[in-house]
Amino acid sequence: MGLLHRVLAPALTLLLAMGGALAATPAQAAPAGAAFTGTYENFFQHIGKSQAEVDQKVQDLYTAIYTENGPADQRIYYPVGSDMAYIQATYEQDVRSEGMSYAMMVALQLGDRSRFDKLWKFAKTYMQCPNVNTDCGGRYDRLFIWHVDDVAPYRNFSLPGGEPEYTPAPDGDVYFATALLMASARWGDGAGIFDYGSEAAFILDELKDTTDLQPGELSIFNPDNKLVRFIPTWVEGSGSLVDTSYQLPGFYEYWSRNDPSTANRAYWNEAAGAARAYWRDVLDKAGNRGNGIFPDCTKQDGGPLDQYSCASGYKHGSDGWRTIQNVAFDHYWYAGDTDGHAPLAEQRAWADQLLGFMRPRRASMQGEWYVDGTPASDWSGGAGQALMYASAATVASDSATRDDFLRLAWDQPVTTGEWRYYHSSLHMLGFLHLAGKYRAYDIGAPSTTTTVYADSLAPGWRAGSFGGSVDTAVSAPAYGGSGTSVGLTPGGPWDAVTFAPATALASAGIDEVVLRVHGGSSGTRQLQLMVNPATDGSGDWGTRVSLDAQAGTWTEFRVPLANLGNPATIGTIALQDRSGQTPPVFYVDDVRLGRP
């Protein structure tokens with residue numbers, strides 16, 4: 001459930017990144033969906049940000065918010081022993097399915113399998129029904145209790161009358177299933193609970209299952225209209241309500257292509273169409289006022305609620321912030337789909353309407369709005385609201401408006417203090433979307449990856465240095481906790497670990513260099529990546545891309561070949577110290593060329 005379901009955040013001022021007075025100019029026409037073309041644009045390039053700047057910003061945000069190395073007043077990631085971790089909802093100090101599943105999606109998108117697995121093991125152990133603490137009263141099998149305590153033994157809470165609370169919050173379950181399915185596609189399946197595809201399939205089956213329901217229990221998807229319910233229970237009529245941000249047709253479309261249970265795929269395609277049509281109904285029943293404002297919740301037919309009983313009710317609040325990102329990434333991924341239901345042309349118009357309405361108000365943007373466009377609160381939203389709105393820039397028609405919101409997104413600081421959980425979760429998701437790093441990983445998609453090192457050097461590849469000592473079989477640290485990595489003991493300043501094939505590779509079809517780097521025991525390793533067209537390093541090293549690797553953790557870097565000077569051939573890859581001083585030992589693992 002959203003951070004502000006029952007509480008109002010204190011005033012947080014959105015930073016305003018004002019451009020000059022710009023005439024409205026058309027942005028480029030929306031291309032076919034990125035999920036079809038495989039091209040995910042870095043939108044920050046439109047405001048002059050280089051790929052290196054964007055990559056560093058992504059890494060800085062991730063380190064601050066989603067690692068144990070983040071500042072104490074910024075991070076929301078907390079390890080549990082050596083093999084689990086949770087995301088703390090800092091304002092009430094609990095652990096929520098929403099935050100856990102969002103963090104898994106972020107880790108998946110950034111290739112951090114280690115933290116992904118730690119988060120998943122915690123969710124599987126303490127949140128999925130049944131679990132080590134409760135059988136959930138025989139209800140909600142394979143679904144996730146929406147919040148548990150953040151203190152061991154991480155038990156579920158009780159309702160005011162003392163009855164145990166096992167209820168799921170469906171957006172979390174939807175994100176869990178999608179993150180697991182994409183993990184299966186990106187990394188392949190492991191054993192036990194890390195058989196990602198099987199775990200996703202169990203959840204997907206349960207989301208639509210209407211059999212063996214216990215008294216008061218409902219399916220997540222309403223079989224009558226294929227919309228996700230606000231809460232799958234009849235308690236207080238929650239099962240008859242719909243949260244606009246819980247509708248995620250971009251994910252359902254993804255499931256319709258990747259659900260391991262092929263018999264379910266037509267259902268998911270229908271659900272995607274139903275969610276898009278529902279959004280249209282919501283705006284129509286709100287009077288279609290041309291402001292793109294979605295209320296948090298509605299009746300099943302998209303009509304207004306009679307009472308406050310779901311998030312902020314029939315107002316646009318912290319849940320509704322997310323709706324426009326769902327609208328945008330669905331269209332961005334799947335526009336032009338000719339297989340069954342497709343994103344609506346109106347989705348781009350809704351994004352334009354919201355951005356156009358909020359553009360002159362972004363200096364002090366209220367956190368809640370009535371659907372007629374009047375403020376419903378006297379507090380301002382923070383980074384989460386800003387990034388959700390800015391994510392609509394990916395489908396915006398007007399370039400000046402797009403760029404204003406891109407600047408707004410870029411300038412948002414990491415939220416600190418009590419209210420950071422929800423704002424930071426949305427901040428990270430929105431930023432990935434705008435940076436071109438929020439991607440649909442399809443199972444069985446053709447791979448153009450060339451492995452350089454994965455526990456050992458690939459055949460035909462050799463490792464070396466500029467003068468230090470290289471060990472290609474370091475047992476610890478190794479990415480994922482097993483296997484081996486490459487360690488460089490530098491021989492002096494500017495030393496580098498190098499990888500070279502027997503014969504230089506043609507760069508055609510190779511779009512990026514991907515590697516994971518561990519910064520060693522302390523501090524931050526200041527490094528730079530470069531590529532030489534010759535296998536002996538005698539050619540031009542081209543453009544160098546700065547990378548900063550934190551100590552004590554593995555960081556994935558994905559560097560487009562264009563940023564490295566687009567060499568015609570790849571003869572030597574070098575990761576070099578750039579500090580000018582002899583650094584401590586650092587480590588490299590999982591080195592690849594092409595599409596990760």
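Me: Which residue in β2 does Tyr77 stand opposite?
Reply: This is a predicted model, where local features need pLDDT of at least 70, side-chain atom pairs count only at pLDDT 80 or more, and totals for chains, interfaces and linings use all residues. Residues are numbered from 1 along each chain as its sequence is written, and side-chain values use heavy atoms, with hydrogens and water left out. Strands here are DSSP E runs of at least two residues, and helices are H or I runs of at least four, both numbered from the N terminus. In β2, the residue opposite Tyr77 is Ile87.

Me: How many bridges join β1 to β2?
Reply: Strands pair when DSSP finds at least two bridges between them. β1 (residues 77-80) and β2 (residues 84-89) run antiparallel, and the bridges joining them number four.

Me: Which residue takes a positive phi in the hairpin of β1 and β2?
Reply: This hairpin has three residues between its strands. The phi in question is near 65°, and it belongs to Gly81.

Me: Is Phe44 buried or exposed?
Reply: Phe44 sits in the loop between α1 (34-37) and α2 (51-66). Beyond its neighbours within four places in sequence, its contacts (heavy atoms within 4.5 Å) include Val54, Leu406, Trp410 and Phe431. The cut-offs are under 20% relative accessible area for buried, over 50% for exposed and partly exposed in between, using a 1.4 Å probe and protein chains only. Phe44 has 0% relative accessibility, so it's buried.

Me: Are α3 and α5 roughly parallel or roughly antiparallel?
Reply: Axes are lines fitted to C-alpha atoms over the stretch in contact, with angles from 0 to 180 degrees between N-to-C directions. The axes of α3 (residues 97-109) and α5 (residues 170-187) cross at roughly 20° and come within 8 Å. Angles under 35 degrees count as roughly parallel, over 145 as roughly antiparallel, 65 to 115 as roughly perpendicular and the rest as oblique. So α3 and α5 are roughly parallel.

Me: How many residues in the contact of α3 with α5 are nonpolar?
Reply: Among the residues that meet are Met100, Tyr102 and Leu108 in α3, with Phe176, Leu180 and Trp187 in α5. Ala, Val, Leu, Ile, Met, Phe, Trp, Tyr, Cys and Pro count as nonpolar, Asp, Glu, Lys and Arg as charged, and the others, including Gly, as polar. Five residues of this contact are polar and three are charged, and the nonpolar ones number 13.

Me: How far apart are the axes of α9 and α10?
Reply: α9 (residues 320-334) and α10 (residues 346-358) pack at about 140°, so they're oblique to each other. Among the residues making the contact are Ile324 of α9 and Trp350 of α10. The distance between the axes is 9 Å.
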